[in-house]
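Have it open while you read.

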Amino acid sequence: MSIVTQPNSIQPNAIQLSSIQLKNISQSFTLNEAKVTLFEQLNLTIKQGQSYAITGPSGAGKSSLLMLMSGLEKPTSGEGLYLTGNQATSLESLRTDIGFIFQQFHLLPELSALNNVALPLKLRGDKTAVNKATAMLTKVGLSDRMNHSPSELSGGEQQRVAIARALVFQPRFIFADEPTGNLDEKSAGDIANTLFSCCKENNAGLVMVTHSERLAQRADHIYRLNQGRLIQDSSHNRESKVLEAAYVN
Ligand SMILES: Nc1ncnc2c1ncn2[C@@H]1O[C@H](COP(=O)(O)OP(=O)(O)OP(=O)(O)O)[C@@H](O)[C@H]1O
């Protein structure tokens with residue numbers, strides 16, 4: 001194990017950041033007796049504290065890949081590992097440490113925006129759930145919409161509630177499927193700022209599936225999924241040196 005420290009830092013509380021490792025992952029489906037292979041033998045490591053964009057044509061399998069790396073679905077073959085400190089566990093144990101922003105939001109229709117956002121905290125027994133949810137909704141620009149139900153909100157506003165819900169309990173990893181898909185350019189920029197700043201504040205890993213080249217360019221790493229192959233854009237690598245320095249291997 002090697003520990004790299006920041007200059008002038010005080011030992012020994014090196015931050016132990018987690019990572020997600022996909023090893024030789026393949027995913028295929030049988031549709032009308034025909035086998036459809038999305039990808040084969042794919043390898044990828046996601047580090048806490050880094051941001052990743054996954055781009056590629058519609059139907060390439062980007063959302064499916066996001067579901068696999070977050071442990072919400074299982075691959076046809078291959079292995080997914082969640083590495084924390086010296087421990088390697090299956091991706092199922094990642095569930096309590098992730099915030100997921102779904103393409104279709106998945107907000108609970110009978111709850112207000114405030115209660116949708118407070119829910120993950122309440123489920124964790126946090127007595128300050130409502131205060132934290134209020135602060136998070138204010139951060140995403142919805143301070144005047146807290147008591148509205150999802151059906152009373154526009155698509156873009158529901159998107160922001162979903163983002164607030166994913167960020168509010170400070171998860172180690174955030175997975176976002178088209179997080180700015182329903183937003184105008186100004187709101188998309190604002191939401192991207194919130195996503196990146198919250199991840200930075202909490203040292204969270206961020207993995208986004210997006211068709212927006214502008215959003216992808218803001219990530220530390222860009223991957224393109226096309227015809228079953230995942231290729232890193234090697235001309236684009238903005239890996240955060242500060243976070244890397246604190247990374248424990
Ligand atoms: N559980 C499933 N059973 C059968 N086919 C599936 C399943 N999940 C995904 N697919 C198929 O896999 C393909 C890839 O879907 P996916 O949503 O991952 O693509 P995508 O790259 O995210 O597309 P988009 O950019 O349009 O959202 C699609 O043709 C989809 O119908």
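1. Ground rules. This is a predicted model, in which local features need pLDDT of at least 70, side-chain atom pairs count only at pLDDT 80 or more, and totals for chains, interfaces and linings use all residues. Residues are numbered from 1 along each chain as its sequence is written.

2. Confidence. The chain averages a pLDDT (the predictor's confidence in each residue, from 0 to 100) of 86, with 89% of its residues at 70 or more. For the complex, the predictor reports an ipTM of 0.94 and a pTM of 0.85. Residues 1-13 stay under 50, with ten contacts beyond four places in sequence; a contact here is two C-beta atoms, placed from the backbone, within 7 Å. Residues 241-249 are also below 50, and that stretch has 19 contacts beyond near neighbours in sequence. Where pLDDT is low, the predicted coordinates should not be read in detail.

3. The ligand shell. Around the ligand sit Phe29, Leu31, Leu38, Gly56, Ser58, Gly59, Ala60, Gly61, Lys62, Ser63 and Ser64, with "near" meaning a C-beta atom, placed from the backbone, within 6 Å. Elements are DSSP runs numbered from the N terminus: helices are H or I of at least four residues, strands E of at least two. By type, the shell has four nonpolar residues, six polar and one charged; Ala, Val, Leu, Ile, Met, Phe, Trp, Tyr, Cys and Pro count as nonpolar, Asp, Glu, Lys and Arg as charged, and the others, Gly among them, as polar.

4. Helix H5. Which residues of H5 are buried? They are Ile191, Ala192, Leu195, Cys198 and Cys199, where buried means 20 or more other C-beta atoms within 10 Å, exposed 12 or fewer, and partly exposed in between, with C-beta atoms placed from the backbone.

5. Positive phi. Gln170, in the loop between H4 and S7, has a phi of about 50 degrees despite not being a glycine. Gln170 counts as partly exposed because it has 16 C-beta neighbours inside 10 Å. Glu178, in the loop between S7 and H5, has a positive phi near 50 degrees, but is buried, with 20 other C-beta atoms within 10 Å.
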